[in-house]
Amino acid sequence: MWDITSEVYKQMLPEEKFNSANKRFQGFRAGYGTILFYEETDTIRTFQEKFKTYQDKFPGWSEQTNGMHQYVIWTALEAEGLGVNLQHYNPLIDVRLATEYKLPTTWDLKAQMVFGKPTSGPAVENKEFLPIEERMKVHGAQ
């Protein structure tokens, strides 16, 4: 998977940028594995046709479901002592992966979850966040 990503990006990026990106790809390739998260677009369309009242909601609900799957798998892998990160090199790699793995054209790649032996602590230590009161509102709580 990461060899394909490297090949695709090598064709698209100037050499200097590619070399930097390729270091990341090689790091991901060194992990124990990568889980590819897809959505089956025919299923979404079927539900849109079946439940017309909510047809505009199904794509968003599908994304939310995919995100919940990512979260649960991430936490399960972390609970086993593995390091995990989530990547989004799609849609640039979609066609090559679909061809390589003989995937249906109705599968839409959403994310790539890399897992392996942790090499550092959580990256959130260096991130700045708005205060929780500005990011979350609770109504009716005392």
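**Close-up 1. Arg 45 and Asp 42 pair up through their side chains in a salt bridge, with N and O 2.8 Å apart.** This is a predicted model. Both partners belong to helix H3 (residues 41–50), and because they sit three residues apart there, about one helical turn separates them. Arg 45 comes out as partly exposed, at 40% relative accessibility. Asp 42 is partly exposed too, with a value of 35%.

**Close-up 2. Glu 63 and Lys 110 form a salt bridge whose closest N and O atoms are 2.8 Å apart.** Glu 63 is partly exposed, with a relative accessible area of 40%. Lys 110, on the other hand, counts as buried at 17%, since the cut-off for buried is under 20% relative accessible area.

**Close-up 3. Arg 29 meets Asp 3 in a salt bridge between their side chains, at 2.7 Å from N to O.** This pair also ties together distant parts of the chain, 26 residues apart: Arg 29 sits in helix H2 (residues 15–29), while Asp 3 sits in helix H1 (residues 2–12). Arg 29 is partly exposed, its relative accessible area being 47%. Asp 3 gets the label partly exposed as well, at 35%. To put these views in context, searching the whole structure turns up six salt bridges.

Conventions
Residues numbered from 1 in each chain as written. Predicted model: local features only at pLDDT ≥ 70, side-chain atom pairs only at ≥ 80, totals over all residues. Heavy atoms only, no water. Salt bridge = Lys/Arg side-chain N within 4 Å of Asp/Glu carboxyl O. Helix = DSSP H or I, 4+ residues; strand = E, 2+ residues; numbered from the N terminus. Buried < 20%, exposed > 50% of the residue type's maximum accessible area, 1.4 Å probe, protein only.
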